[in-house]
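Me: I have a model open and want to learn how to read it. Can we go feature by feature?

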Amino acid sequence: MSDVAETIVETLHLQGVKTVWGVVGDALNPVTDAIRRTEGIEWVGVRHEEAAAFAANAQAQLTGDLGVCMGTVGPGSIHLLNGLYDAKKSHAPVLALCGQVPLPELGSDFFQEIDNDQLFQDVSVFCRTVTSPSQMPGLLEQALQGALHRRGVAVLTLPGDVGGMDMPKGTRAPRAVARPGAVPPDPAVVARARELIDAADSVAILAGIGARHARSELLAVADRLSAPMVLTLKAKEGLERDNEFQVGHTGLIGNPAARKALDAAELLLIVGTDFPYSDWYPEGKTVVQLDDRGEHIGRRTQVDLGVVGDSALALGALLEGLGPKTDRKHLDESRDAFRSWHDSQLELADPSREGGLVDRVRSKFDNPDKRIRPEMLAAAVNAHADDDAIFTSDTGMSTVWLSRFVDFRGSRRLIGSYNLGSMANAMPHALGAQALDRERQVIAFCGDGGLTMLLGDLLTAVAYNLPARFVVFDNGRLGMVKLEQEQGGLPEFGTILENPDLAAVARAMGMRAARVEEPDQLDAAVAEAFGGQGPVLLDVVTNPEEVSLPPKVTPTEAWGFAVAKMTEVVESRGA
Ligand SMILES: Cc1ncc(C[n+]2csc(CCOP(=O)(O)OP(=O)(O)O)c2C)c(N)n1
């Protein structure tokens, strides 16, 4: 006869779960003990439960299958929250198993008691406490169904005495929950979309991660329509490579060519994205939006027609009878503009180009220091990384450098906290990615602020032999905030980070590490770090003054930057 905890673990095993992330303790001890006795499920004990939730959610984002994390009674569960919000906003199916005080104490404001069913209400698609063994395995199956079919977080709370209770005699065996199938679009709506597109002189496409699996259909549509394609950051993986239509990103991390491509077209076709920045959508266009989530249609920009359905099915149906647009002028001009912007970016990353853009910019700002530019670091990583590497990036400037200097050739993958925008995600996301396959290269672009927030979990990489490459953009700053302050005309305040030698810290934790301060040592250091065995940290001291300019700088922002710089100079002279 099995108990509740064993039933839970048996169900997860049936579901194909390979890793469970968390911190052991009290109410969840029967569950971790059942995991210990189960062949095929690995327990990864982290140092902070937030790392567990990020890691589980990385696995869910990469595979589309269930990620699982655990946090025990009260604070242990609370610590999961940020990583769970990241899962919610990335539409990642994650199950959080949370501990609770024993049933007789429930509701008495007992030691460590918090009301999980209330606390996790907002973050979850399903949130229930098991109060009797007879609810199992049904309640767990509902949780899994919720997580997988509504692509979100399910929270199942287990009071301390319930895990060890025997299942009632005659309980049916647990079952695995099927993954949802693709939603077909309404053919009449697709026909209407075709009419609108046929009637337009020129089309631009804005494609997101929801179009990733529809790559061949999307390229066929772009080709038929001679349409330039703007990609969201998340859509880089899968859609950037071998794509003669793509012109990079729009938004703050974007480039002027992408913006122009959107502005110059008569019709905007949005596929599989909920790209949130309304200001960066072009105005006055006919807009057709395709998404398998009806709630995404029209919430960022006004649309003329929404097509609800799977992007591959919808684009496939759209192609049937879609009229060709043979004039390639708009496409060619967009591509040329993108190429010349891209070349200018590569100049920024090339240390050897005398008289190039870098020198010109340097002399302009009278800033002849020789510190490592973050662009150089991102470009070096791009050059040395495997074609099937998985990248993660922290919220902050490192994501900007990744978006501009890492190309997603081959079968490279990318995840980050791109919808929640949390710091500290890159390292634990990398742990999750690496646990899926210890042979595949995983590279984390870490901010120094981000990494030090959850620093303790570098130990998890060592303890569980997760050989990820942690590349730290060590600018001694909360760099993105510095930029925000300066753009807003404020002097830099509260952004300086007094960091230790992070390579020495990593070595003390038991991993390989190197610190790089000189530009001419960078390339060899990256190559060496990527070549060796086991987890490695590369602490690269980068120039905090390096700014990334958005594709459109408003006069207010430019003025703000000038005022901030002047204030900093005046105040430092006064001091
Ligand atoms: C958990 C969390 N706290 C605060 C912020 C606000 N924030 C966004 S970026 C940033 C600075 C990030 O600094 P760092 O990790 O050093 O990266 P950098 O921008 O310097 O590359 C801050 C404080 C956030 N997004 N998430």
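Me: In what sense do strand β10 and β11 pair, and over how many bridges?

Reply: First, a caution: this is a predicted model. Now the pair. Strand β10 covers residues 286-291, and it pairs with β11 in the parallel sense over four bridges. Glutamine 289 stands opposite glycine 306 in β11.

Me: Next, a whole sheet. In what order do the six strands of the open sheet run?

Reply: The order is β13-β12-β14-β15-β17-β16, with parallel pairing. The edges are β13 (413-416) and β16 (512-516), each of which pairs on one side only. Neighbouring strands are turned by 15° against each other on average, direction ignored.

Me: Which residue stands opposite cysteine 446?

Reply: Valine 472 in β15 does. The strands concerned are β14 (residues 442-447) and β15 (residues 469-474), which pair in the parallel sense over five bridges.

Me: Now single residues. Why does lysine 236 count as buried?

Reply: Check its relative accessibility against the cut-off. Buried means under 20%. Lysine 236 has 2%, so it counts as buried. Its place is helix α10, residues 236-239.

Me: Which backbone oxygens lie by the polar side-chain atoms of lysine 236?

Reply: The backbone oxygen of serine 403 lies 2.8 Å from a polar atom of that side chain. For the backbone oxygen of valine 406, the distance is 3.4 Å. Then list the contacts beyond four places in sequence. Lysine 236 touches His249, Leu402, Ser403, Val406, Phe408 and Leu414.

Me: Is methionine 136 buried or exposed?

Reply: Methionine 136 is buried, because its relative accessible area is 3%. Note that it sits in a loop, between β5 (124-129) and α7 (138-149). Leaving out residues up to four places away in sequence, methionine 136 touches Val4, Ile8, Val130, Leu156, Met167 and Thr171.

Me: Last, the ligand. Which residues come nearest to it?

Reply: Of the 18 residues around the ligand, Gly421, Asp448, Gly449, Gly450 and Gly479 come nearest. A backbone N or O atom of glycine 449 lies 2.8 Å from a ligand oxygen. Glycine 450 also places a backbone N or O atom 2.8 Å from an oxygen of the ligand. For methionine 397, a polar backbone atom is 3.0 Å from a ligand oxygen.

Me: How much of the ligand does the protein bury?

Reply: Taken alone, the ligand exposes 590 Å², and the protein buries 78% of that. Then ask which elements build the shell. Those that give two or more residues are α16, α18 (448-453) and α20 (479-487). The largest share, four residues, comes from α18.

Notes: Residues are numbered from 1 along each chain as its sequence is written. This is a predicted model: local features need pLDDT of at least 70, side-chain atom pairs count only at pLDDT 80 or more; totals for chains, interfaces and linings use all residues. Side-chain values use heavy atoms; hydrogens and water are left out. Two strands pair if DSSP finds at least two bridges between them. Axes are lines fitted to C-alpha atoms, for helices over the stretch in contact, and angles run from 0 to 180 degrees between N-to-C directions. Buried means under 20% relative accessible area, exposed over 50%, partly exposed in between (1.4 Å probe, protein chains only). A polar contact is a pair of N or O atoms within 3.5 Å; within protein, one must be able to donate a hydrogen and the other to accept it, and residues adjacent in sequence count only if both atoms are side-chain atoms. Contact means heavy atoms within 4.5 Å. A residue is near a molecule or strand if one of its heavy atoms lies within 4 Å of it. Accessible areas come from the Shrake-Rupley method with a 1.4 Å probe; for residues, only the protein chains shown count as cover.
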